[in-house]
Amino acid sequence: MNTKSYDVIAFGGLYLDINTSGLPFDHTGIPVETEIRGSKYVAQPGGSGVNFVRRLQRFGLEGLFIGMKGGDATGALVGQLLADERIAACLISDEGAQTNVGLNMVSNDGDHVVFSLGSANQALTAQLLLPELAKELTSETFLYFGTLYKLDGLSARFM
């Protein structure tokens, strides 16, 4: 049992989110054989659970994120970016999986296009998650289930 107590434990999908806006496409979509250029983007750890823990920090609350990363360079990068933001995280590693990447694009009019790539989130199972939860969970800890419907290895167990 961990001696640190968290107000909330969030678990769910982990992404390296690449976010950009102001791109020249509209509600009809992105035409094939077209390069759309943007001048700015932000790359940061994402996923509902990560974003929730990030928001908790603004209120002075302690959160822990539990998720799955691949054994790739993207997984190492996301782990480092979480540490840089001082987001407490327990990242379970699957050496054969690729860490998920989210490409989130917004047009000038606010239309969204999202691409989700990778396989690590789908590899998170109850057998991997529950022991990590048991190490951290106290009677005063709240749970946040993030992106549950996208987690193939867990969603059937919780629906």
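# Reading the pocket and sheets of a predicted model

The largest pocket is lined by 13 residues, of which I18, T20, L23, I36 and M105 are nearest its centre.

User: Which conventions apply before I read any feature here?

Analyst: This is a predicted model, in which local features need pLDDT of at least 70 and side-chain atom pairs count only at pLDDT 80 or more, while totals for chains, interfaces and linings use all residues. Residues are numbered from 1 along each chain as its sequence is written, and side-chain values use heavy atoms, with hydrogens and water left out.

User: What is the volume of the largest pocket, and which elements give two or more residues to its lining?

Analyst: On a 1 Å grid over the protein atoms alone, a pocket is an open set of points with protein on both sides within 12 Å along at least five of seven lines, and lining residues have an atom within 4 Å of a point. Here the largest pocket has a volume of about 210 Å³, and strand 2 (15–23) and strand 6 (100–107) are the elements that give two or more residues to its lining. Strands are DSSP runs of E with at least two residues, and helices are runs of H or I with at least four, numbered from the N terminus.

User: In what order do the strands of the mixed sheet stand?

Analyst: Two strands pair if DSSP finds at least two bridges between them. An open sheet of four strands has the order 3-2-6-7 with mixed pairing; strand 3 (42–46) and strand 7 (112–117) are at its edges, each with a single partner strand, so one side of each lacks a neighbour in the sheet. Strand 6 and strand 7 are antiparallel over six bridges, and L103 has F115 in strand 7 as its bridge partner.

User: How many aromatic pairs are found, and why is that of F11 and F145 called tilted?

Analyst: Rings of Phe, Tyr and Trp (its six-membered ring) pair if their centres lie within 6.5 Å; planes under 30 degrees apart count as stacked, over 60 as edge-to-face and the rest as tilted. The whole structure has two aromatic pairs, and the rings of F11 and F145 have centres 4.7 Å apart and planes at 45°, so this pair is tilted. Because F11 lies in strand 1 and F145 in strand 8, the pair ties together parts that are 134 residues apart in sequence.

Methods. On a 1 Å grid over the protein atoms alone, a cavity is a set of points where a 1.4 Å probe fits but cannot get out, and a pocket is an open set with protein on both sides within 12 Å along at least five of seven lines; lining residues have an atom within 4 Å of a point. Grid points are joined across faces, edges and corners, and a volume is the space filled by probe spheres set on the points.
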